[in-house]
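Please look over the sequence and the model below. Then use the briefing to find your way around.

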Amino acid sequence: MGEENVDRSEGFGERLLGLLLDRARLMPPQLIAPLVAEEVAGIGGRDVSILLQDYAQEVLVPLAGRKLHAGQPEPMADSPAGRAFLSEDVVEVPQAHGGVRIYLPLMDGSDQVGVMALTLDAVGDADRRLLRRLAGLVADMLVTKNAYTDQFFLARRREPMSVSAEIQWNLLPPLTMTLTQVTVAGILEPAYRVAGDSFDYALNGNILHMAVIDAMGHGLDAAVMATVAIGAYRHARRVFVSLAEKYTFMDDAISRQFGPDHFVTAQLMHVNVATGEIELVNAGHPAPLLIRDGRVERQLESATTLPVGFGGELPRIREHLLQPGDRVLCYTDGIIEEHVAGSEPFGEERLIHCVNRLGEEPSQGVRADLRRLSHTLKRERGGHTSDDATLFMIEWHGGATDHLAVLD
């Protein structure tokens, strides 16, 4: 393709993206995906599909709509759409009857919404650049319109969901954040019945703030308690108190609202993404695991702190230091206390064995590896998840980065 054609193609692409953005602003949510299919037809694309991940992270579900190709759900494992989603990269598959089927991850920031698939007769570098930009715009539109409709929720829901689970899913931040210095990912089980488990995070300056909680009990009572705990945590984070004071804010909120017979276990952490330094408060949780070179190196120990709601003293902070490439795995007791083989708890040793076994295989990235670990653990426990079970992983890539230099 000559320079003139490249310029013309990129100019056309800019007009297409601008037109799509202008038209989408006032478009009702159910017409967003058909609008994308219509605009893609302008560059010769056909059989457009928008696939969203289901809540259990097992399949990618096609949206239905006029002008859309709505086939069967595609498995997250062993499908081109699944490879694009988990690898966060474009997958191209030549078709037997001509043309190329292209699968593009829909990235909203660094969180993944799903996959867009379409077929072109031929694909050049200019097409690839345009389609990547188009996929980013489509992801942004889907996230924006999601606030105004139940359509996308209903597509992702593959079985009935409890009220408590709906509360928890609405409470969560994006399941994944990927940045130059750090990547985080979380997963909840059972996806359609989770109640008291939750997690939260935010990156403010160089400090990654993270919390994993487990409210006592089951069902709606546990979901309400988890909501109060996360709300108190976010409030404390946003008034710039110390890590120890965050614990106090949460403790006060739970004890005042629910009384002395209720509690929430919690793991609170500050990670300096520029230096790898960690501050840790562990309030009744299993200790996080430090994973180095694919194997569990040790537990990240901390001083004993009462669960949130028991009126404990101001906790002592334990500090740790990460090396580039290190991962920290946080988990709730539903992972290790599930009973297998009659009455035997699954236990921490089996968890570590699963982590180490998966670490022998090539890494597919934090999101894909955590999903693989979650599904492996569920199989090892006989497919049962009688209690909430949460996994949350942090990978520190190391080294301070001058992000402003990227803009120059």
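Predicted model: local features only at pLDDT ≥ 70, side-chain atom pairs only at ≥ 80, totals over all residues.

Residues are numbered from 1 along each chain as its sequence is written, and side-chain values use heavy atoms, with hydrogens and water left out.

**Helix pairs**

- Two packed helices are described by the angle between their axes and the distance between the axes.
- Axes are lines fitted to C-alpha atoms, for helices over the stretch in contact, and angles run from 0 to 180 degrees between N-to-C directions.
- Helices (H or I, at least four residues) and strands (E, at least two) are DSSP runs, numbered from the N terminus.
- Helix α7 spans residues 219–238 and helix α8 spans residues 243–258. They pack at an angle of about 145°, and their axes are 8 Å apart.
- The crossing of α7 past α8 is right-handed. A crossing is right-handed if the near helix is turned clockwise from the far one by less than a right angle, and left-handed if anticlockwise.
- On the α7 side, the meeting residues are V224, M225, V228, A229, A232, Y233, H235, A236 and R237. On the α8 side, they are K246, F249, M250, A253, I254 and F258. Contact means heavy atoms within 4.5 Å.
- The contact of α7 with α8 has twelve nonpolar, one polar and two charged residues. Here Ala, Val, Leu, Ile, Met, Phe, Trp, Tyr, Cys and Pro count as nonpolar, Asp, Glu, Lys and Arg as charged, and the others, Gly among them, as polar.
- Helix α2 (residues 32–41) and helix α4 (residues 125–146) cross at roughly 165°. Their axes come within 11 Å.
- α2 and α4 are therefore roughly antiparallel to each other. That term is for angles over 145 degrees; under 35 counts as roughly parallel, 65 to 115 as roughly perpendicular and the rest as oblique.
- α2 and α4 also make a right-handed crossing.
- I32, V36 and V40 in α2 meet L134, V138, M141, L142 and K145 in α4. These residues divide into seven nonpolar, no polar and one charged.

**R101 and T119**

- R101 is found in strand β5 (residues 100–108), and T119 is in strand β6 (residues 111–120).
- R101 counts as buried because its relative accessibility is 9%. T119 counts as buried too, at 5%. Buried means under 20% relative accessible area, exposed over 50%, and partly exposed in between (1.4 Å probe, protein chains only).
- A polar contact of 3.0 Å joins the side chains of R101 and T119. A polar contact is a pair of N or O atoms within 3.5 Å; within protein, one must be able to donate a hydrogen and the other to accept it, and residues adjacent in sequence count only if both atoms are side-chain atoms.
- The side chain of R101 also makes a polar contact with the side chain of S49, at 3.4 Å.
- Leaving aside neighbours within four places in sequence, R101 is in contact with residues including R46, D47, H69 and E92.

- S164 sits in helix α6 (residues 163–171). At 6% relative accessibility, this serine counts as buried.
- The side chain of S164 reaches the backbone oxygen of V194 at 3.3 Å.
- P62 is in strand β2 (residues 59–62). P62 is buried, because its relative accessible area is 13%.
- P62 and L52 are ten residues apart along the chain, and their C-alpha atoms are separated by 6.4 Å.

**Backbone details in loops**

- The peptide bond from E189 to P190 is cis, with omega near -10°. P190 lies in the loop between β8 (182–189) and β9 (197–204).
- K67 is not a glycine, yet its phi is positive, near 75°. K67 lies in the loop between β2 and β3 (74–75), and counts as partly exposed at 47% relative accessibility.
- E88 is not a glycine either, and has a positive phi of about 60°. E88 is in the loop between α3 (80–87) and β4 (91–94), and is partly exposed at 30%.
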